[in-house]
Amino acid sequence: MLPVTLVYQNLSMTLPNVLIDTGSARTVFSADIVVNIHITPAPDDKLYTIRGVGGTEVVFTRRVDSIQVGECQIAKFEIEVGGMDYGFKIDGILGMDFLQQAGAIINLAELSIDFK
């Protein structure tokens with residue numbers, strides 16, 4: 001787990017409990033949390049069903065102004081937003097879309113992550 005900062009329409013928040021998941025294709029955040037920076041579904045949003053180890057979930061997408069992990073910041077990044085009711089406290093999942101774009105280097109021996 002690591003903290004991730006999102007900026008959306010000039011509002012910023014840091015989510016402290018975001019899971020790094022190399023098995024997740026996309027980055028997903030909890031709708032109950034990102035509502036604090038006004039990320040909510042709009043009437044014209046398309047809903048998508050995603051599938052994973054935890055089952056299926058309905059999400060919508062939103063392009064945030066930026067997403068930041070440590071010193072690594074990516075502008076205009078598309079996230080998915082959903083219920084994320086997995087039975088334990090989690091604010092989001094940092095997926096391969098972010099990890100690849102950021103050039104993440106995961107060191108399992110040291111349990112660390114660095115970026116190019």
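What is the volume of the second largest pocket? The second largest pocket has a volume of about 150 Å³. A pocket here is an open set of points on a 1 Å grid over the protein atoms alone, where a 1.4 Å probe fits, with protein on both sides within 12 Å along at least five of seven lines. Grid points are joined across faces, edges and corners, and the volume is the space filled by probe spheres set on the points.

The model is predicted: local features need pLDDT of at least 70, side-chain atom pairs count only at pLDDT 80 or more, and totals for chains, interfaces and linings use all residues. Residues are numbered from 1 along each chain as its sequence is written, and side-chain values use heavy atoms, with hydrogens and water left out.

The lining of the second largest pocket consists of M1, L2, I20, I106, N107, L108, L111, S112 and I113. Lining residues have an atom within 4 Å of a point. Strands β8 (104-107) and β9 (112-115) are the elements that give two or more residues to this lining. Strands (E, at least two residues) and helices (H or I, at least four) are DSSP runs, numbered from the N terminus. By class, the lining holds 7 nonpolar residues, 2 polar and no charged. Ala, Val, Leu, Ile, Met, Phe, Trp, Tyr, Cys and Pro count as nonpolar; Asp, Glu, Lys and Arg count as charged; the others, Gly among them, count as polar.

The largest nonpolar core has 26 residues. Such a core is a set of buried Ala, Val, Leu, Ile, Met, Phe, Trp, Tyr and Cys residues joined through side-chain atoms within 4.5 Å. Buried means under 20% relative accessible area, exposed over 50%, and partly exposed in between (1.4 Å probe, protein chains only). V4, L6, F29, I39, I67, L94 and F98 have the most contacts inside the core. Elements β1 (2-8), β2, α1 (31-34), β5, β6 and α2 (96-102) each give two or more residues to this core. The largest share, 5 residues, comes from β6. Beyond its neighbours within four places in sequence, L6 is in contact (heavy atoms within 4.5 Å) with L11, S12, M13, L15, F29, V34, I37, V64, S66, I67 and I79.

Side chains of opposite charge can pair when their charged atoms come close. The count comes to 6 salt bridges, each a side-chain nitrogen of Lys or Arg within 4 Å of a carboxyl oxygen of Asp or Glu. E80 and R26 form one of them (3.9 Å, N to O). E80 lies in strand β6 (residues 72-82) and R26 in the loop between β2 (11-20) and β3 (28-30), so this pair ties together parts 54 residues apart in sequence. E80 is buried at 7% relative accessibility, whereas R26 is partly exposed at 26%.

A salt bridge also joins E78 and R63 (3.9 Å, N to O). E78 in strand β6 and R63 in strand β5 (residues 55-69) are 15 residues apart. E78 is partly exposed at 28%, and R63 is partly exposed at 47%. K89 and D91 meet at 2.8 Å, N to O. K89 is exposed at 56%; D91 is buried at 2%. Shared partners join R26, R63, E78, E80 and D97 into one salt-bridge network.

Backbone angles complete the description. Most residues other than glycine have a negative phi. H38 has a positive phi, near 70 degrees. H38 lies in the loop between α1 and β4 (48-52) and is exposed at 52% relative accessibility. K76 also has a positive phi, near 50 degrees. K76 is placed in strand β6 and is exposed at 53%.
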